[in-house]
Amino acid sequence: MDDFTLDPFSSPDDDRFHEECGVFGIFGAKNAAALAALGLHALQHRGQEAAGITSFDGREFHSERHIGLVGDNFSKPNVISRLPGDWAIGHTRYSTTGGSGLRNVQPLYAELAIGGFALAHNGNLTNAMTIQRELQRRGAIFQSTSDTETILHLVATSQRAALVDKIVDALKSIEGAYSLVCLSQEKMIGCRDPHGIRPLIMGDLDGAVVLASETCALDIIGARFVREIEPGEMVVISNRGVDSLRPFDKRPSRFCIFEYVYFARPDSVYGGTSVYQVRKRIGAELARESHAEADVVIPVPDSGTPAAIGFAEASGIPFDFGIIRNHYVGRTFISPTDSIRHMGVKLKHNANRTVIEGKRIVLVDDSIVRGTTSLKIVQMMREAGAAEVHMRIASPPTTDSCFYGVDTPEKGKLLASRMTIDEMARYIQVDSLAFLSIDGLYRAVGEMARDNDNPQYCDACFTGQYPTALIDAYSSGPVRQLSAVGDGT
Ligand code: AMP
């Protein structure tokens, strides 16, 4: 879910919400809300700004939504006791600014004509603003600035009789990325957009059905992985069991490749493939593609660590921890302005001088977005006495904004959209700079090569080839469409 006032082309600065999210649901378990809190805690990396849980006790819905970390808000017994019932869904949200606070915190809830309905959304819609304008023109009142509320309105106003049909009806009008977990007084429903851009998996905990963004949320409660929800699939979970529906026209699968690069937790598994192993393979590909004569491979922790291990193994250059990360500060991106963001990097990382001094180092990070982190870290390595700094990036240059729920600044602020690799190398002051090739990335996720006519993943942040129409964004800038998909642009 994302604030749909976000416009990566025209936003002057990051003074608005940019969100990345995790979703969780559990149906048929004692202490459902406590289990949901644990699941959300495992998904905390997907969103640190706010979290919420809605439960149903057979009679009533109960909801707790809080700004802040899951552990700070949902570890207290009195909060969990206000969430009775065997069914619960939850959401954790990431935002770069405090913004409009609680009203955007999910799950969103509405009393529909057919009963209560709660909704948690990971992803970002690309036509929500357009639909919202039309709904407002017809008199609809919006309570939040979230694109997810558009789904709620479309469900509420659908003329179909049954809830599942109303949801299908609503989703047929929307474009973009959505992994949804919904709760009614009869059912829990999970759904993935037709391209399956964001993840959603199903697990089992002693007969209770679990839905979650990542497998690490199953591990924490001891649930068994059952399967992924397929792109375009809707699962309807009720006391009668699990039904699977395919309500949408089939579209090519386009799972977000950046989940493998950065976003997911390394101990999660997508499509049978361990995120950690992919990251190590990325490092190995990078070493093969862009060798450096160096004494030691240093990760930018934590996101660069698995790739650095893979790089060290493949190159034969020893791995060491030359940067120590302070774990008590949030992600660099959490700071709303550039000046504070610079400070954030200093707060977060420190050089481990004994490993660096006098050495030719290979510095491995997962991505360069604005270049803020790289600039500071390289400076830090020089100050710690590095003889040479060779930067290796475990993804292709990030040239384009994400419209599907990963926080990226507008295109003009992406270093790689403004500079060549040589210019970037000069800007961050390294002796050499290399990025993984797009084919190298595809090899690391297990493909022979990228199919350029019909890519196996959504890699728009690296290629500008967006798998869906970007209806809201068209008003403010040109966006290259993936013509092979032809899905109604
Ligand atoms: P920057 O300093 O703007 O170049 O950001 C690059 C750093 O931010 C890298 O070290 C990444 O680990 C991290 N990063 C990349 N993408 C994201 C994202 N969407 N949200 C938060 N952090 C990110």
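This report walks through the ligand site, the salt bridges and the nonpolar core of a predicted model.

A few ground rules come with it: local features need pLDDT of at least 70, side-chain atom pairs count only at pLDDT 80 or more, and totals for chains, interfaces and linings use all residues. Residues are numbered from 1 along each chain as its sequence is written, and side-chain values use heavy atoms, with hydrogens and water left out.

**Around the ligand**

Let's start with the ligand. It has 17 residues around it, and the closest are Asp365, Asp366, Gly371, Thr373 and Asp407; a residue counts here if one of its heavy atoms lies within 4 Å of the molecule. Sorted by type, that shell holds seven nonpolar, five polar and five charged residues. The sorting puts Ala, Val, Leu, Ile, Met, Phe, Trp, Tyr, Cys and Pro under nonpolar, Asp, Glu, Lys and Arg under charged, and the others, Gly among them, under polar. Two helices, α8 (258–263) and α13 (372–383), each give the shell at least two residues. Helices here are DSSP runs of H or I with at least four residues, strands are runs of E with at least two, and both are numbered from the N terminus.

As for polar contacts (pairs of N or O atoms within 3.5 Å), the side chain of tyrosine 262 has an N or O atom 2.8 Å from a ligand nitrogen. The side chain of aspartate 365 puts an N or O atom 2.7 Å from a ligand oxygen, while threonine 372 uses a backbone N or O atom, 3.3 Å from a ligand oxygen. On its own the ligand has 490 Å² of accessible area, and the protein covers 97% of that (Shrake-Rupley method, 1.4 Å probe).

**Salt bridges**

Side chains of opposite charge can pair when their charged atoms come close. Counting a side-chain nitrogen of Lys or Arg within 4 Å of a carboxyl oxygen of Asp or Glu as a salt bridge, the model has 25 of them.

| Pair | N to O distance |
|---|---|
| Arginine 46 and glutamate 214 | 2.7 Å |
| Lysine 187 and glutamate 186 | 3.4 Å |
| Arginine 443 and glutamate 289 | 3.2 Å |

The pair of arginine 443 and glutamate 289 links helix α16 (residues 438–444) to helix α9 (residues 275–289), 154 residues apart. Both ends are partly exposed: arginine 443 at 34% relative accessibility and glutamate 289 at 30%. Buried means under 20% relative accessible area, exposed over 50%, and partly exposed in between (1.4 Å probe, protein chains only).

Now for arginine 46 and glutamate 214, which meet in a salt bridge. Arginine 46 sits in the loop between α1 (32–42) and β2 (50–56) and glutamate 214 in the loop between β10 (208–212) and α7 (216–219), so the pair ties together parts that are 168 residues apart in sequence. Arginine 46 is buried at 0%, and glutamate 214 is buried at 0% too.

**Buried parts**

The largest nonpolar core has 44 residues, of which Tyr260, Ile282, Val297, Phe311, Val362 and Tyr404 touch the most other members. Such a core is a set of buried Ala, Val, Leu, Ile, Met, Phe, Trp, Tyr and Cys residues joined through side-chain atoms within 4.5 Å. Among the elements that each supply at least two residues are α8, α10 (305–315), β20 (360–365) and α16, while α9 gives the largest share, five residues.

Finally, α1 is largely enclosed by the rest of the structure, because eight of its 11 residues are buried. Those residues include Leu35, Gly39 and Leu40.

How values were computed. Polar contact = N/O pair within 3.5 Å; in protein donor to acceptor, adjacent residues only side chain to side chain.
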